[in-house]
Amino acid sequence: MIRRNRGGSVADTEFVTQQEAVVAHLFWVTGTIEVVSVAVAGRSVSGRMLPPDPDRRAAIFEPAPGQALPERALRKGKVVLVKYASLQDEYQFKTQLMEVTPARWLMAIPRDIRRTDRRMTRRNNVAGNRRYTIQLHKPDGTLRTLLVNDLSPAGIGIVFDPQLDRFSEGQVMKGELSIPGQDPLSVRLEVLNVRTNDTVSTERIVGARFVGLGFVGCEAIATGLNRNAGG
């Protein structure tokens, strides 16, 4: 849901409620955000997020050592507020505790996450690494291998030549995504937009979101990006 002010423009705060987008964002947090705070019973506990647990359908928080809270404040079902920030934006979500141990807290995956940026999960720019590719299954049955411009567990930007390829908003495609050091990952994409490539004027970039990627797919992309960061 997007809130708009009276003038019709998009408000500073937006929400994402699609579970796929939320799960993708949580994997992004795991590899990007170093410090997360959880407010509970009037106190704030700092730590970091671990990859979500697909079997428990849970977000996982690892509190930093040396912090003490009364056990009654950490009972199952207790509502907590999770906050964190990147260099550009701030995020927060409310959820409930599922299970608490000294080493980790299991929390229900939130229904929505509030943030101040336009994109829930910022994409990694991988345009300089030609080993990031995607082989698309075109409508005519042919296969087309293209370079990846940017990537996150939520979506992808793909470089193409408008003289050779055409993409339309809402188009759904299948493909095999290649990330250095990993086996190809089968994905489904929905085209969101087509934009110019600021680096090469004769090229375009098609932006798409992943459809049905799930926990395993999100984790594979997040792990691959983290492994190859700076490489």
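The model is predicted, so local features need pLDDT of at least 70 and side-chain atom pairs count only at pLDDT 80 or more, while totals for chains, interfaces and linings use all residues. Residues are numbered from 1 along each chain as its sequence is written, and side-chain values use heavy atoms, with hydrogens and water left out.

The chain holds two helices and 15 strands, where helices (H or I, at least four residues) and strands (E, at least two) are DSSP runs numbered from the N terminus. Of its 231 residues, 43% count as buried, a term that means under 20% relative accessible area, whereas exposed means over 50% and partly exposed lies in between (1.4 Å probe, protein chains only).

Helix α1 (residues 19–32) packs with helix α2 (residues 214–228) at an angle of about 30°, their axes being 9 Å apart; axes are lines fitted to C-alpha atoms, for helices over the stretch in contact, and angles run from 0 to 180 degrees between N-to-C directions. The two helices α1 and α2 are therefore roughly parallel to each other, since angles under 35 degrees count as such. On the α1 side the contact (heavy atoms within 4.5 Å) is made by V23, A24, F27 and G31, and on the α2 side by F215, C218, E219, A222 and N226.

Most residues other than glycine have a negative phi.

| Residue | Phi | Relative accessible area |
|---|---|---|
| A41 | near 50° | 46%, partly exposed |
| R57 | near 55° | 42%, partly exposed |

A41 is placed in the loop between β2 (36–40) and β3 (43–53), and R57 in the loop between β3 and β4 (58–63).

Technical notes:
Parallel < 35°, antiparallel > 145°, perpendicular 65-115°, else oblique.
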